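The model is a predicted one.

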Amino acid sequence: MTDDEWMSIALEEAKVAMDFEEIPVASVLVGDGKEVTRGQTQVRRRGSIAAHGELFAILEAKSSVYSYQELTIYTTLEPCLMCVGACIQAGVKRIVYGMKAAPDGAAGMVQALGKSEFGVPKIQGGIREAEEVELMREFQKRFPDSPAIPYVIDMLAVYG
C-alpha cells in the first residue's frame with residue numbers, strides 16, 4: 001500500500017475518535033508493509049494529556065515491534081516530542097504525518113535529538129493534510145466547549 005492509502009486508514013480512525021468527542025487524531029503502525037496496530041488519541045476518555053494515538057499504537061503492538069525490519073507510523077497530526085521519543089524507542093524508521101502541529105509538533109526538532117541507540121526516524125509530512133485540517137475544523141464546530149479548542153485554534157492558525 002502507498003503512504004496515501006495508509007493515511008486514509010489513519011484518517012478514518014481519526015473520525016472514529018471524533019465520535020467520542022476526542023480531537024480527531026489517530027495513527028496506524030505498519031511493520032514490513034502490514035498493519036500492526038491502530039491507535040486513537042484518547043485524552044478526553046482517559047483523562048490524560050499524554051493519551052496520544054501514536055503511543056496507543058505502539059503500546060498495543062507490545063514487543064512485536066522488535067520482530068519487524070521496517071516500522072512506519074502513519075499519523076494524522078505531526079507528532080509531539082513525546083511521541084517521536086516513543087517511536088525511537090520502538091525502532092520506528094519512518095514517521096508519516098498529515099497536518100502540522102504548530103504549537104508542539106516535533107518534526108523540526110528531530111535533528112536536535114542526535115544519535116540514539118535505534119537511530120532517528122525519517123519524518124515526512126503533508127500526506128492528506130487538507131483532510132485532517134477539515135477534520136479539525138469540524139471538531140471545532142461540533143465541540144466548541146471542548147478543552148482542546150485552544151490547541152485546535154493554534155494549529156489551524158497556520159492554515160488561515
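How many of the six residues of strand 4 (residues 94-99) are buried? Five of them are, so strand 4 is largely enclosed by the rest of the structure.

Strand 4 pairs with strand 3 (residues 71-77) in the parallel sense, over five bridges. Within this pairing, Ile73 has Ile95 of strand 4 as its bridge partner.

## Helix 3 against helix 4

Two packed helices are described by the angle between their axes and the distance between the axes. For helix 3 (residues 53-61) and helix 4 (residues 81-90), the axes come within 9 Å and cross at roughly 20°. Angles under 35 degrees count as roughly parallel, and helix 3 and helix 4 are therefore roughly parallel to each other. Their crossing is left-handed.

Helix 3 contributes Glu54, Leu55 and Ile58 to the contact, while helix 4 contributes Met82, Cys83, Ala86, Cys87 and Ala90. By class, the residues of this contact are seven nonpolar, no polar and one charged.

## Helix 6 against helix 7

Helix 6 (residues 129-142) packs with helix 7 (residues 149-157) at an angle of about 145°, and their axes are 10 Å apart. The crossing of helix 6 and helix 7 is left-handed.

On the helix 6 side, the contact is made by Val133, Met136, Arg137, Phe139 and Gln140; on the helix 7 side, by Ile149, Val152, Ile153, Met155 and Leu156. The contact of helix 6 with helix 7 comprises eight nonpolar residues, one polar and one charged.

Notes
Residues are numbered from 1 along each chain as its sequence is written. This is a predicted model: local features need pLDDT of at least 70, side-chain atom pairs count only at pLDDT 80 or more; totals for chains, interfaces and linings use all residues. Side-chain values use heavy atoms; hydrogens and water are left out. Axes are lines fitted to C-alpha atoms, for helices over the stretch in contact, and angles run from 0 to 180 degrees between N-to-C directions. Helices (H or I, at least four residues) and strands (E, at least two) are DSSP runs, numbered from the N terminus. Angles under 35 degrees count as roughly parallel, over 145 as roughly antiparallel, 65 to 115 as roughly perpendicular and the rest as oblique. A crossing is left-handed if the near helix is turned anticlockwise from the far one by less than a right angle, and right-handed if clockwise. Contact means heavy atoms within 4.5 Å. Ala, Val, Leu, Ile, Met, Phe, Trp, Tyr, Cys and Pro count as nonpolar, Asp, Glu, Lys and Arg as charged, and the others, Gly among them, as polar. Buried means under 20% relative accessible area, exposed over 50%, partly exposed in between (1.4 Å probe, protein chains only). Two strands pair if DSSP finds at least two bridges between them.
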